[in-house]
Amino acid sequence: MTIEDIQQEIIEEFSVFEDWMDKYAYLIELGNDLEPIDAKYKIDDNLIRGCQSRVWLHPEKDGDKILFEAESDAIIVKGLVALLLRVLSNRSPKEIIDADLHFIDDIGLKQHLSPTRSNGLLAMVKQMKLYALAYEKLSQQEG
Amino acid sequence: MSLDFRKIRKDFPILDQQVHGKPLVYLDNAATTQKPQVVLDKVEEFYLKTNANIHRGAHFMANETTEAFEEARETVRQYINAGERSEIIFTHGTTESVNLVAFSFGEAFVSEGDEIVVSELEHHANIVPWQLLCERKKATLKVLPFDENGVLKIDELDGLLSERTRLVAMNHVSNTLGTINPVDKIVEIAHKRNIPVLLDGAQGIAHYPPDVQKLDCDFYVFSGHKIYGPTGIGVLYGKRKWLDQMPPFMGGGEMISEVKFSGTTFNELPYKFEPGTPNYIGAVALGTAIDYVQSLGVDNLAVREQELLNLATAKLKSIEGLRIFGEAENKVGVISFEIEGIHSFDLGTLLDQLGVAVRTGRMCTDPIMDHFGVPGMTRASFAFYNTEEEVEALYKALIRIKGMF
């Protein structure tokens with residue numbers, strides 16, 4: 001499935017919720033289900049500091065793909081992190097760089113990616129793209 | 001006098017609206033207060049009819065504006081009972097006022113090896129300017145701690161002071177814990193050693209305005225938007241004996257007496273510290289806001305806020321797993337809390353979804369978060385226009401959210 005397919009899938013999943021609180025309840029569920037980041041990666045070097053919540057992000061090269069592990073101390077943020085991982089993890093650097101993440105907007109959670117929200121999510125997306133850029137540069141040099 | 005607070009609430013049109021399809025419950029008054037219609041009207045009327053730059057033009061509107069600006073200064077003077085009008089400096093807010101003193105007082109009176117004393121309860125705005133000053137002058141910042149209830153360990157203050165202490169800077173009321181600090185004692189202890197005191201009144205001004213002459217503090221600073229006035233206007237009260245000796249903070253028009261390339265002389269107080277075009281409409285509307293709270297009686301408003309605080313405290317305490325931070329005997333209507341197992345960001349997000357506006361996070365008080373060892377808190381803060389029903393709405397929302405985890 002492409003990044004676009006996954007985004008459509010998520011939009012579909014969220015379309016069943018009429019009440020906003022149900023959307024958040026689902027995000028809490030996703031947050032609870034997210035595998036915790038390996039303790040050895042939950043370090044300050046991997047920390048994205050938001051004013052309100054924190055996100056840890058660790059990239060790992062796997063062949064021509066990048067695997068991300070991530071976690072947050074806030075459960076709603078963790079739920080959103082889970083969605084971002086579903087869309088962007090295990091993808092090639094080029095796919096990650098080119099990704100247009102419209103699903104957050106489409107499921108009505110755009111405010112969580114606005115710069116003013118300062119929960120670390122926007123910085124996490126930027127960081128994922130930066131890692132992708134770096135890996136792409138590296139593979140070009142190696143190639 | 002018994003006030004009809006339901007009627008008074010109607011003075012604040014912003015409160016009558018829905019957010020996310022739910023009636024707005026605004027409990028973020030410590031961050032900023034809402035504005036009564038009279039303040040909104042004043043701003044509009046001024047721009048519609050009177051606007052002209054102050055102290056400059058000879059024309060009708062310039063004179064009217066200048067007069068209104070100076071009247072507002074007089075209103076502020078009376079509100080805090082300053083000795084003279086020229087001791088009231090208009091700034092952009094508390095933060096600028098503190099920075100002004102940290103710079104100008106620092107230039108005049110602080111040198112290498114000197115000490116400044118703050119408390120662990122301070123907002124970053126009453127910490128960072130002093131840290132910058134200490135860095136500039138190679139001075140040392142000392143910190144008065146607070147106890148588990150959020151009360152300053154006032155008995156330790158004298159021990160922190162030395163002959164090198166140049167200033168004590170503390171808040172009147174804590175923005176995070178709501179503690180009302182014993183400012184008279186702080187001044188008394190510091191003055192015994194002839195050390196001046198700056199009080200950050202951002203959270204005190206709306207509830208317990210000081211009589212600065214009786215209190216005898218050397219500086220008192222606050223923001224207009226915390227007392228139902230507009231944003232972008234604030235006040236620095238300073239005793240003339242200090243202000244006269246302090247060099248200007250910023251240069252520009254209005255603050256000068258004569259400008260020559262061979263050297264410039266400065267205007268007298270308060271203009272020496274008011275360079276450029278001030279926020280005169282903000283100042284005028286701040287005057288209106290002060291008139292408004294005085295017409296209701298500040299004491300009456302404080303009593304009402306205590307009622308809401310007591311009710312909310314009892315309600316919140318009945319929630320299992322809820323912990324209130326800061327339980328000083330003397331508090332304003334501020335409750336910071338956590339619910340076991342729920343991050344403050346999650347709590348704030350879900351409360352917002354239910355129409356309840358609170359503050360979450362570190363509230364510009366990292367040292368308080370570190371003291372309690374928490375990443376953040378959730379804060380409900382009350383104003384006199386809040387209602388018992390809103391306290392109930394907060395309680396019910398918290399119960400509902402708790403059930404989601």
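Contact here means heavy atoms within 4.5 Å. The legends below describe close-up views of a predicted model.

**View 1. Packing of helices α3(B) and α10(B).** Helix α3 of chain B spans residues 60-80 and packs against α10(B) at an angle of about 40°, with the two axes 8 Å apart. That angle makes α3(B) oblique to α10(B), and the crossing is left-handed. On the α3(B) side, the residues in contact are B:T65, B:A68, B:F69, B:A72, B:T75, B:V76 and B:Y79. They meet B:Y280, B:A283, B:V284, B:L286, B:G287, B:I290, B:D291, B:V293 and B:Q294 of α10(B). Sorted by class, this contact comprises 11 nonpolar, 4 polar and 1 charged residues.

View 2. The bond from B:L269 to B:P270 is cis, and its omega is near -5°. B:P270 sits in a loop of chain B that runs between β12 (263-266) and α10 (280-296).

**View 3. Surroundings of B:P247.** B:P247 belongs to the loop between α9 (240-243) and β11 (256-260) of chain B. Its relative accessibility is 30%, so B:P247 counts as partly exposed. Leaving aside residues up to four places away in sequence, B:P247 touches B:S104, B:E107, B:A108 and B:F273. One of these, B:A108, is 139 residues from B:P247 along the chain, while their C-alpha atoms are separated by 7.0 Å.

**View 4. Positive phi at B:D216.** B:D216 is not a glycine, yet its phi is positive, about 70°. The residue lies in the loop that links α8 (212-215) and β9 (219-223) of chain B. Is B:D216 buried or partly exposed? With 32% relative accessibility, B:D216 counts as partly exposed.

**View 5. Positive phi at B:Y228.** B:Y228, also not a glycine, has a positive phi of about 70°. Its place is in the loop between β9 and β10 (234-238) of chain B. B:Y228 counts as buried because its relative accessibility is 1%, and buried means under 20%.

**View 6. The annotated span of chain B.** An unreviewed UniProt entry lists residues 25-394 of chain B as "domain: Aminotransferase class V".

Definitions and conventions:
Residues are numbered from 1 along each chain as its sequence is written. Chains are lettered from A and ligands numbered from 1 in the order in which they are written. This is a predicted model: local features need pLDDT of at least 70, side-chain atom pairs count only at pLDDT 80 or more; totals for chains, interfaces and linings use all residues. Side-chain values use heavy atoms; hydrogens and water are left out. Helices (H or I, at least four residues) and strands (E, at least two) are DSSP runs, numbered from the N terminus. Buried means under 20% relative accessible area, exposed over 50%, partly exposed in between (1.4 Å probe, protein chains only). Axes are lines fitted to C-alpha atoms, for helices over the stretch in contact, and angles run from 0 to 180 degrees between N-to-C directions. Angles under 35 degrees count as roughly parallel, over 145 as roughly antiparallel, 65 to 115 as roughly perpendicular and the rest as oblique. A crossing is left-handed if the near helix is turned anticlockwise from the far one by less than a right angle, and right-handed if clockwise. Ala, Val, Leu, Ile, Met, Phe, Trp, Tyr, Cys and Pro count as nonpolar, Asp, Glu, Lys and Arg as charged, and the others, Gly among them, as polar. UniProt positions are given in the numbering used here, feature names are shortened, and annotations may be inferred rather than shown by experiment.
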